[in-house]
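The exercises below concern the contacts within and between the chains of one model, and each task sentence is followed by a solution that goes step by step. Please work from the sequence and the structure before reading the solutions.

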Amino acid sequence: MTSHVPLMDKIQMELGVLEPWPKDVKLYQPYEVEQILLPDNANCLAVQAFLRMCNLEFEVVSKANAEFMSPSGKVPFIKCGAFVISELEPIVQFVNTKGITLTANMEGDQKSDMRAYMSLVHNVLENAELYICWCDKETYNEVTKPRNGSVYPWPLNHIQTWSKKSTVLKKLKMMGWFNKNIEQVYQEVENCCQALTDRLEGKEFFFGQSPTELDALIFGHLFTILTTPLPNSNIANIVRNFPSLIDLVQRVEEDYFKKKVKQ
Amino acid sequence: MGVVHAKDSGSGLPHPNINYDDCEGVETREIKLDGVKARVDRVHVNGLARTKNDIIQDVVKDLFAANDFQDVLLKAQKVRTKLNSLGCFQYISVFVDTSKGPSATPHGIEVTFHVRELKRLVGGINTQVGENEGSLVIGLRAPNMFGRGERLQTEFSYGSKNSNNYNISFIKPLKGKHIPVFSTSVYQSTSEWPSSGYRQIDQGLIVDFAFNSTCMIKHNLQWDAAIRNLGVLSKSSSFTIRESSGATLKSALRHILSIDGRDDRIFPACGTFFQLASEVAGLGGDVGFVKNDVFLQSNYSLTDDVVLQTSFNGGILNSLGDDYKITLSDMYYLGGPLSLRGFRMRGVGPHSEGDALGSNWFWSSGLHLFTPLPFRPGKGGVGELFRMHFFANAGNTGDFEGDDSIIERVKTNIRAAYGVGLAMRLGQMARVEINYCFPYKFQESDLAQPGVQFGIGVQFL
């Protein structure tokens, strides 16, 4: 992923070191109540969790066109001074340039281990979420279609949803997920959860006592899967079979989301 | 009597000034044509294949009303122009003869039109110049599809700024003395605005009804429905531009009134052009506004080839309330070689990090003095494609917010520039200008462009 970042951005990011974390950082995402879809919500929550873990201040801004505002076409993205950065990994890198990191005490092989698990989550959970939203007929008609089109007037809502569907399907075809049937998708999710549980080994967080971006990412995805009401709740039921992951989700929610509200 | 080749009745044709008294050895005799009685007995139209009789009958029936010979000639010419405007024929000639045969009346005349129909499919590849962009156009046309002047046109263009556009339109001339024409088109047009940091892809449908209320006043009633996809052009675009990206749906009704009394479009020597366009958006879709634009250009010949031109352009955009969006492409921009010379493209008005944001109203006005090239090189030939011009232009732009009255704001902070340049005619439609500009009055936020400025386009201020 880093290899795609142009030189200019790298220079800008280096320059970013000079300034501390500003107070007016904004995180842009689609409307949570009526618009956002499961995969996007998972990614937004993951970034929020990461920023909270780093104890960084930010303000969530809901925008109907957040997806189009984002430099990569994906939500969420943050605006920090003159910088606009989208998606979890680039945001983690950007935060690192400010000297803030959750992985300071980790060894090199632990870091690469973490990256491997993060890409596992991206490849399995994210694709499974996309599959459920766009390929499962019931979910598509009852949830995805009305929500994705909610911010557009007729007939633009149909056109936008249709064009997004074709983009997502193209992506799923490329990743080899389109030809899977729903049972195979469930199996993939179950395997992924099993792998994560094995790695967790009953610890508090994946890498010891303090959370990392991997915990943030897993929290984002699992919390969204567990709490989003869908006509098809099989995926949530699969996740519920892994109590140690549920514990992790609850721990992150307790420590980083509920506490803040109390303050 | 030979074949009368009628000429276009359009303005601007020089009248031949022949003094017949000077012609020696030729016996001349004057005949007053309007005194010669005539009655059109018959009209023939030769060469019709798929064109339906009824539209031809409709066009030629005026001829039967003629009652002297001059009238016959004038009407025959008018009919020829009308036939030509149907867009069905490649070639039309008129032949007038006395009528013969048993049914001929004493002053009887027969008029014959020889026509050649256009082929069923006409295509071409050509280049086109639009507003500061050149493009390669591939066009395909099916004229006179069903025999009543209907035509289907498709056009695909590949622009020099990487904008791919297409346009498929169907045009149907209707019957009636106001020359009504119905047309509808589906289009995609891409435009890039580096000066505003965005690019836009429009996909839409236009339904247009055009008619003339008098011979000079032309009306267009249009319904335009378009999906506009606004995207950020580069990473360095301002965040304000980023915030307005995304798709919007516009559905608008438009009325365009135009009166063109000029003798030429590119370098007019006399006459006035006036255009008033009113647009109401918000009939469906999420974009809503009322927009009124006016353009006025007047030309006066000072001497034989020195022309003074004045022009005024103005527009006002009113919102329909907070429920409706107004996007960057709906706003007014000022500055650039086609609007306010001496400033960069969209260089006047509010900017955010170097990107023009547009405003709710603008006006601009220009004064030109067009002269032929000094020492008249290529006189009567290539030289006629060129003009020197001295110009001064001024304008202003702004929003409605604030305490000052609108009149006060229109008058304050006027931007102005003057200069001298060379203008060249490019075919019958476009003009190229190279100017040396001196910005005279401008604001700190404006992007003035002193020095050489190059412009190519259709409508200049």
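**Exercise 1: Charged and polar pairs between the domains**

Task: state how many salt bridges are counted between domain 1 of chain A and domain 2 of chain A, and describe one formed by A:D40.

Solution. In this predicted model, the count between domain 1 of chain A and domain 2 of chain A is 2 salt bridges. For polar contacts, the count between the two domains is 7 residue pairs, with both residues at pLDDT 80 or more.

On the side of domain 1 of chain A that touches domain 2 of chain A, α2 (38–53), α3 (66–69) and α4 (88–97) each supply at least two residues, and α2(A) gives the most, with 13 residues. Sorted by class, this side of domain 1 has 16 nonpolar, 5 polar and 7 charged residues.

**Exercise 2: Extent of the domain contact**

Solution. In contact terms, 28 residues of domain 1 of chain A meet 34 residues of domain 2. Of the area that domain 1 buries against domain 2, A:L38, A:R52 and A:M53 supply 27%, more than any other three residues.

**Exercise 3: The interface of chain A and chain B**

Task: which residue of chain A forms a salt bridge with B:E243, and how large is the area buried between chain A and chain B?

Solution. Begin with the contacts, where 18 residues of chain A touch 13 residues of chain B. The area buried between the two chains is about 1,300 Å², of which carbon and sulfur atoms give 63%. Across this interface the rule finds 1 salt bridge; B:E243 forms a salt bridge with A:K63, with the closest N and O atoms 3.8 Å apart. The rule also finds 4 residue pairs in polar contact across the interface, both residues being at pLDDT 80 or more.

Finally, the elements giving two or more residues to the side of chain A that touches chain B are α3, β3 (77–80) and α7 (156–175) of chain A, and α7(A) gives the most, with 3 residues. The residues of this side divide into 12 nonpolar, 3 polar and 3 charged.

How values were computed: Residues are numbered from 1 along each chain as its sequence is written. Chains are lettered from A and ligands numbered from 1 in the order in which they are written. This is a predicted model: local features need pLDDT of at least 70, side-chain atom pairs count only at pLDDT 80 or more; totals for chains, interfaces and linings use all residues. Side-chain values use heavy atoms; hydrogens and water are left out. Contact means heavy atoms within 4.5 Å. Buried area is the accessible area (1.4 Å probe) that two parts lose on being put together, summed over both. A salt bridge is a side-chain nitrogen of Lys or Arg within 4 Å of a carboxyl oxygen of Asp or Glu. A polar contact is a pair of N or O atoms within 3.5 Å; within protein, one must be able to donate a hydrogen and the other to accept it, and residues adjacent in sequence count only if both atoms are side-chain atoms. Helices (H or I, at least four residues) and strands (E, at least two) are DSSP runs, numbered from the N terminus. Ala, Val, Leu, Ile, Met, Phe, Trp, Tyr, Cys and Pro count as nonpolar, Asp, Glu, Lys and Arg as charged, and the others, Gly among them, as polar.
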